[in-house]
Amino acid sequence: MIPDYFRGKKVPEHIRNKTQLIAWALEQTYIEDDWKAITNWEMVVELGSHRFGGIIHNLRKEGYKIVTVKGTKKGHNLYYCEELPSGTASYL
């Protein structure tokens, strides 16, 4: 199930699967100055993706430069996008 909103911003209607949803959310961390890194908790609870690690792996293979930062607590990680793929359609 794709959520209607994430962090108060409406999820675009063309997003149909979790890969597109996570790519869109990560793209927001790249283009929006006020969007902070996405936590693994948000990936699971807010975006509904329990297997986000595989999605991030595949997005990296597509050319997304996604940075993982270890949080202060064990098992807490943050993700943000430093670079979008060139020559491919983004999920914006």
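A residue is called buried here when its relative accessible area is under 20%, exposed when over 50%, and partly exposed in between (1.4 Å probe, protein chains only). By this rule Tyr79 is buried, with a relative accessible area of 8%. The structure is a predicted model, in which local features need pLDDT of at least 70 and side-chain atom pairs count only at pLDDT 80 or more, while totals for chains, interfaces and linings use all residues. Residues are numbered from 1 along each chain as its sequence is written, and side-chain values use heavy atoms, with hydrogens and water left out.

The protein chain contains 3 helices and 5 strands, taken as DSSP runs numbered from the N terminus (helices H or I, at least four residues; strands E, at least two). The order of these elements from the N terminus is β-β-α-β-α-α-β-β. The protein chain has a radius of gyration of 12 Å, which agrees with the value near 12 Å for a compact globule of 92 residues; the radius is taken over C-alpha atoms, and the globule rule is 2.2 Å times the number of residues to the power 0.38. Along the principal axes, the C-alpha atoms of the protein chain fill a box of roughly 35 × 25 × 25 Å. Of the 92 residues, 37% are buried. Among contacts in the protein chain with a separation of 6 or more, 49% are between residues 24 or more positions apart, a contact being heavy atoms within 4.5 Å.

An open sheet is formed by 3 strands in the order β3-β5-β4, with antiparallel pairing; two strands pair if DSSP finds at least two bridges between them. β3 (38-39) and β4 (65-70) each have a single partner strand and stand at the edges, so one side of each is left without a neighbour in the sheet. β3 is joined to β5 by 2 bridges, and Ile38 has Tyr79 as its bridge partner in β5. Between β4 and β5 (residues 77-83) there are 6 bridges. In this pairing Ile66 stands opposite Cys81, and Lys70 stands opposite Asn77. The hairpin of β4 and β5 has 6 residues between the strands, and Gly75 takes a positive phi near 80° in this hairpin.

Two helices lie across the sheet strands. Helix α1 (residues 18-31) lies across β3, β4 and β5 and runs at about 65° to β5. Helix α3 (residues 52-62) lies across β4 and β5 and runs at about 140° to β4. For these angles, axes are lines fitted to C-alpha atoms, for helices over the stretch in contact, and values run from 0 to 180 degrees between N-to-C directions.

A search of the whole structure finds 3 aromatic pairs. Rings of Phe, Tyr and Trp (its six-membered ring) pair if their centres lie within 6.5 Å, and planes under 30 degrees apart count as stacked, over 60 as edge-to-face and the rest as tilted. The ring centres of Trp24 and Trp35 are 6.0 Å apart and the planes stand at 80°, so this pair is edge-to-face. The pair links distant parts of the chain, with Trp24 in helix α1 and Trp35 in the loop between α1 and β3, 11 residues apart. Both Trp24 and Trp35 are buried. Phe52 and Tyr79 are also edge-to-face, because their ring centres are 5.7 Å apart and their planes are at 75°. Phe52 lies in helix α3 and Tyr79 in strand β5, so the pair ties together parts that are 27 residues apart in sequence. Phe52 is buried, with a relative accessible area of 12%. Phe6, Trp24 and Trp35 form one aromatic cluster.

Asn40 is found in helix α2 (residues 40-45) and is buried at 15% relative accessible area. Not counting residues up to four places away in sequence, Asn40 touches Phe52, Gly75, His76, Asn77 and Tyr79. Asn40 and Gly63 are 23 residues apart in sequence and 21 Å apart in space, C-alpha to C-alpha.

Arg7 lies in the loop between β1 (5-6) and β2 (9-10). Arg7 has a positive phi of about 55° although it is not a glycine, and at 33% relative accessibility it counts as partly exposed. The charged end of Lys10 sits over the ring of Tyr5, 5.5 Å from its centre; the criterion is NZ of Lys or CZ of Arg within 6 Å of the ring centre and within 35 degrees of the ring normal.
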